[in-house]
Amino acid sequence: MKSLAGTGGLIRLILRRDRVVLPLWIVLLVAISVSYVQEYGDLFPTPESRVKYASNVGFITLYGELSGPSLGEFVTWRLGFVPVMVGLISLLTVIRHTRVEEESGRRELLGATVVGRHAQLAAALATTLGANLVLAVLLALGMHSQDLPLSGSIAIGIVYAGTGWFFAAVGAVAAQLTASAGTARGIAIGVLGGAYVLRAAGDTSAHTDGPLAWLSHLSPIAWAQRIRPYADNRWWLGIVILASTVALITIAFQLAVRRDVGAGLLPDRLGPADGTMGSPLALAWRLHRGLLAAWTVGFALLGLLFGGVAEGVGDMMRDDPSIQEMFQRMGGAAGLIDSFLAGVMTLVGLIASAYAVQATLRLRVEESSGRAEPVLATATSRWQWAASHLVFSLLGPAVALLAAGVAEGLAYGVAIGDVGGQLPRLIGAALAQLPAVWVLAAIAIAIFGFFPQASMASWAGPTVCILIGLVSAGVSTAGWIRDISPFTHLPSLPGGSAQAAPFLVLLAIALVIGLAGLVGLRRRDLPA
Amino acid sequence: MPAAISTEGLVKRFGRTHALDGLDLAVRTGEVHGFLGPNGAGKTTTIRILLGMTRADEGTTRVLDGDPWSDATELHRRLAYVPGDVTLWPNLSGGEAIDLLGRMRGGVDKKRKAELLERFDLDPRKKARAYSKGNRQKVALVAAFASDVELLLLDEPTSGLDPLMEEIFREVVQEISDRDGRTVLLSSHILSEVEALCDRVTIIRAGRAVESGTLNELRHLTRTSIQAELVGPMDGLAQLNGVHDLQVDDGRVRFDVDTDEINPVLRRLTEIGVRSLVSQPPSLEELFLRLYEPEAVK
């Protein structure tokens, strides 16, 4: 096992580097999950109310099918999106400690010491898989402490950890494929997104007796979900996930042998001898276009998916007179579908804010990598440089939201035969998210301008807003907590009444914070 | 002619550490000025202040008769910069990076670029992530030398270059200095490079300039080592000004003498009577070692 020499030391290094963020996400996700038991138990005390709440097609698209009416099953169902977050964190962690290390050249420094060929990958995987295990144990204990059955609590731990393990392994494979960490992340997140879309499409189709129910069987996210904690605890699915994880990890190690340190499996091609770029904006376009294209395609797919299932909400109503009656009280079929679409739009807006922050942080990446220095040593002012990237962090989400709106409008419009009416409505609803997205981008600009070393804290914006969205979707949450999120202040569109005031206030806030950040950038040392 | 660069009393603090502690630097227009000092002496911080990327806490800075902090953009049209550790965009080819930096500075001379690529033996089609450190350095050098600028700020520009390329670098710097009359501030650790290229040098240590002048002037600051076989008794040698580390061994003496005290010492030696004499002028290495040592600053 010479190729694993030094793994222990590398694990300690990873634990040292991640000593804050690793415990943080574990504790946070466990705490949120456990808190759902009490909250949802109070809110939906009877099995009937739970089943009724969970039969909304929109929820089925988001979280999957409810396995049964007991509190444990209901809470597990409502937490359906959290394992996806565990998967995302896991794959990012693995790539951060493998490909990012190689790309930065630090791997070489370590590789020349007594560290085996496979040690880096082994250490990254061991840490991530271990973290997921700790998460599973804490979650099982936490759930059991809320008087839920022990076996089911262990099972939900396996749902979380299994998803985390599988996508950690996906991250390990992606990290072998390309020489660029950004591309590796894109590939792995693409697989995660694909798995989620497959599950969402399959489950929605199954619920509406559509022909696409089999799609779910292709999704590892669905495998984990179908362990059905607190129902029949199908342990064998845990073994399936474990086996596929082991298979992927084996592939990753095999791939690692077939390439040089620093290189990817996909070879680098030669580029042009002469450049056509001559401005900061041209450079920024080159650096951002891949990200923009990926997000736009992803948003268009999301739009198609949600636009496509929206009609199912109406179908279900026609079939079931009792639900029909309930929906009519809520404002008829249009009212229900609109509230479903509005919920989708908020979700899409939250995701767009993650893109906005990611694009804004490119500034910090350019600065800390040393690539900003030669640019700023030319006749490019700091503001020009910053603006060239901010074009993409402000307009990029606009393009992606537009794509989501167009796709959703087309899908839903075609389904109900009203493209002309739905398209502009849904485009409007998608773009209405922008002021809130921009507020979070502006916060990232301000942090970058004043506290560049803390730039990563900008992720707190989207994270907090998503958590507020998750927690307050069904549970009573103090008003001031909900008010923290700019998305709370947007009107519910489509369907709701839109007034100019909240938009203008959010835009003004974004403008003030963003400009302050630019002033901070002008006044500070660079690189810092 | 006005100075290309002048700083007075520059102070820059990072938290508690004083990166610069009252630095004076004067670079005359048209000269190649060596900028030397041990690691961590503040060379890169100084160059960042000259570029307007970092703001000094105290002191004044003029670059090409402008304020580098407030006039950064205008000044940058007239200067080029090569960092010691060049990082490039991994998915851009070297040629693209050269043209990009050149155009953002105000234009690239195509012919000059082709000539420099040829001389530095650089394949501009390779993606930056495939370049070695030396080749990344060449990209920055070609981009800087192909621009029509008055001032070049070079921060350990030859780190990672092989000796052949190092030679090309010297040729090019000499050309742009002699033929085009450009000003160069060259931070370097390579003494032969400094000796070959620089008209004057400034040596900094712990954030202040300890010496500044031509290399000949600096040589006077150091000691010549002398070995002699004498005829008579060697009385009074140890008491002479400027004599250090005297060793006497059976009619032979060996000592170092401050270069500006050499005349009286030689006079005394000839009075005693010299059978043989070996005098060794100070090497640059000795000069720098002495100036780099912590005791050099009193």
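Which domains does the domain assignment give for chain B? They are domain 1 (3-218) and domain 2 (223-281).

This is a predicted model, in which local features need pLDDT of at least 70, side-chain atom pairs count only at pLDDT 80 or more, and totals for chains, interfaces and linings use all residues. Residues are numbered from 1 along each chain as its sequence is written, while chains are lettered from A and ligands numbered from 1 in the order in which they are written.

**View 1. The two domains of chain B.** Domain 1 of chain B spans 3-218, and domain 2 of chain B spans 223-281. Such bounds come from an automatic or database domain assignment. The C-alpha centres of these two domains of chain B lie 44 Å apart.

**View 2. The three-stranded sheet of chain B.** This open sheet runs in the order β2-β1-β4 (chain B), and its pairing is antiparallel. Strands (E, at least two residues) and helices (H or I, at least four) are DSSP runs, numbered from the N terminus. Strands pair if DSSP finds at least two bridges between them. At the edges are β2 (17-28) and β4 (58-63) of chain B, each pairing on one side only. Neighbouring strands are turned by 15 degrees against each other on average, direction ignored. Axes are lines fitted to C-alpha atoms, for helices over the stretch in contact; angles run from 0 to 180 degrees between N-to-C directions.

**View 3. The β1-β2 pair of chain B.** Strand β1 (residues 3-14) of chain B is joined to β2(B) by nine bridges, in antiparallel fashion. B:Arg13 has B:His18 of β2(B) opposite.

**View 4. The four-stranded sheet of chain B.** Here the order is β11-β12-β10-β13 (chain B), in an open sheet with antiparallel pairing. Its edge strands, β11 (243-249) and β13 (274-280) of chain B, each pair on one side only. The twist averages 15 degrees from one strand to the next. Five bridges link β11(B) to strand β12 (residues 252-258) of chain B, again antiparallel. Within that pair, B:Val248 stands opposite B:Val253 of β12(B).

**View 5. A helix across the sheet.** Helix α9 (residues 262-272) of chain B lies across β10 (223-230), β11, β12 and β13 of chain B. Its direction is at about 5 degrees to β10(B).

**View 6. Where chain B meets chain A.** Residues are in contact if their C-beta atoms, placed from the backbone, lie within 7 Å. The contact takes 34 residues from chain B and 29 residues from chain A. On the side of chain B that touches chain A, the elements giving two or more residues are α2 (72-76) and α3 (94-105) of chain B. The most come from α3(B), with eight residues. By class, this side of chain B has 15 nonpolar, eight polar and eleven charged residues. Ala, Val, Leu, Ile, Met, Phe, Trp, Tyr, Cys and Pro count as nonpolar, Asp, Glu, Lys and Arg as charged, and the others, Gly among them, as polar.

**View 7. Chain A and its domains.** Chain A holds 23 helices and zero strands. Its domain 1 covers 16-36 + 82-262, and its domain 2 covers 282-528. The centres of these domains of chain A, taken over C-alpha atoms, are separated by 26 Å. Along the principal axes, the C-alpha atoms of chain A fill a box of roughly 70 × 55 × 40 Å.

Key: Contact = placed C-beta atoms within 7 Å.
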